[in-house]
Amino acid sequence: MSLPLLKNFPAIVNLVSPKSCQSSFVRQMHTTRLSSEKRETNPSAESKNPDDDSAKQVRVFVRKKRATKTVQAIVEATKPEILDQKPCSLPEIEDFAYGKQSSFSCSKEVQPPANWEKVIEGIRKMRSSEAAPVDSMGCEKAGVSLPPKERRFAVLISSLLSSQTKDQVTHGAIQRLLQNDLLSAEAINKADEGAIKELIHPVGFYSRKASNMKKVAKICLDKYDGDIPSSLEELLELPGIGPKMAHLVMNVGWNNVQGICVDTHVHRICNRLGWVSRQGTKQRTSTPEQTRESLQLWLPKEEWVPINPLLVGFGQTVCTPLRPRCGICKISDYCPSAFKETPSPSSTPKKKRAFIE
DNA sequence: CTCCTGGTTC
DNA sequence: GAACCCGGAG
């Protein structure tokens, strides 16, 4: 569908694309845009107050974490500029902003890979027959019995600890923190870093993570009243939180889907399936971030959250990094990489190359 | 690119 | 004895 309202606003259209249908980014761009325009119209005027009323309004609404309010705020903020346009209805804009429409005027349409629905269905069947570590130990399970604020903090800390660490180990560390009442911003901020190091010890990079935990706890206390940041860009400012964890925390911590959480499993499997490629080429993506952007171009948004546990579990049990078990994989017929990994490690692997395209 | 960490797995 | 862990930072 075309959106007459948004058509003449490239900044908006870009940011409301499926690539980044992120209300917070929309808000950010809008405030940036409004303030920069004000500077343009009043170059000599005082720029000491970059936030005019409408920009402030946007911020207030966004803090409420309500999609409808956010979109209303966007419409309101752009109202002076769209008087000669034919406005869309609110639900239309909202659908557009949240990626529910199948077509987008801003980017060339990307065809979903053939049989992707059969592939997902096949993986679901395999996953239901064999339990994977992620099912019981994933950090989205962290603190399910806790009140919302504490649960969110548990999710954040669990994410911090989980990188390059087996799920069981992460889970154990979280349990020990919980038993010692060290799973809140206040407690961690006061706690001794050495004590934290001891508690989380078996996790990978425990020293750096203990240090990051202290810093994160302090930031959460000072800036967010002991809660965790609620937007992607604010989460990314925390030490030890990168894109993968930021999306995970937004998804399971805030139940606010802004992007696909792409880890090594999702990255590897999407490339094996031929689901993603570098822009303009058919070459495989080289980083998880490239995979995320490529995948988000065609994967329907309802799958953005479930795709992660689905593929992670699949990657832990069947489509393993080394020696994938293509023999028991039910979707090998659809997989261009099936049975194509280097068969014998004895024949001089030389440089590291897990499999051949 | 390298480092951070150490237990596990092949 | 590499390569692997639901990565991130420099």
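Guide: Gladly! Let us start with a word: a residue is called buried when its relative accessible area is under 20%. Please keep in mind that this is a predicted model.

Visitor: Which residues of helix α13 are called buried?

Guide: Lys209, Ala210, Ser211, Asn212, Met213, Lys214, Val216, Ala217, Cys220 and Tyr224 are the buried residues of α13. In chain A, 47% of the 357 residues count as buried.

Visitor: What do the buried residues of α13 pack against?

Guide: Their partners are α9 (148-162), α10 (167-179), α11 (185-190), α12 (193-199) and α14 (232-236). Chain A has 18 helices and zero strands.

Visitor: How do you know that the span of α13 agrees with its 19 residues?

Guide: Helix α13 covers residues 206-224, and at 1.5 Å a residue it should span 27 Å. Its end C-alpha atoms are 25 Å apart, so the two values agree. After α13 comes Asp225, with a positive phi near 55°.

Visitor: Which residues surround DNA strand B?

Guide: Lys166, Gly204, Phe205, Tyr206, Ser207, Arg208 and Arg323 do.

Visitor: What makes the pair between Tyr206 and a phosphate oxygen of DNA strand B a polar contact?

Guide: A polar contact needs N or O atoms within 3.5 Å. A polar side-chain atom of Tyr206 lies 3.0 Å from that phosphate oxygen, so the pair counts as a polar contact.

How values were computed
Residues numbered from 1 in each chain as written. Chains lettered and ligands numbered in written order. Predicted model: local features only at pLDDT ≥ 70, side-chain atom pairs only at ≥ 80, totals over all residues. Heavy atoms only, no water. Helix = DSSP H or I, 4+ residues; strand = E, 2+ residues; numbered from the N terminus. Expected span 1.5 Å × (residues − 1). Buried < 20%, exposed > 50% of the residue type's maximum accessible area, 1.4 Å probe, protein only. Contact = heavy atoms within 4.5 Å. Near = heavy atom within 4 Å. Polar contact = N/O pair within 3.5 Å; in protein donor to acceptor, adjacent residues only side chain to side chain.
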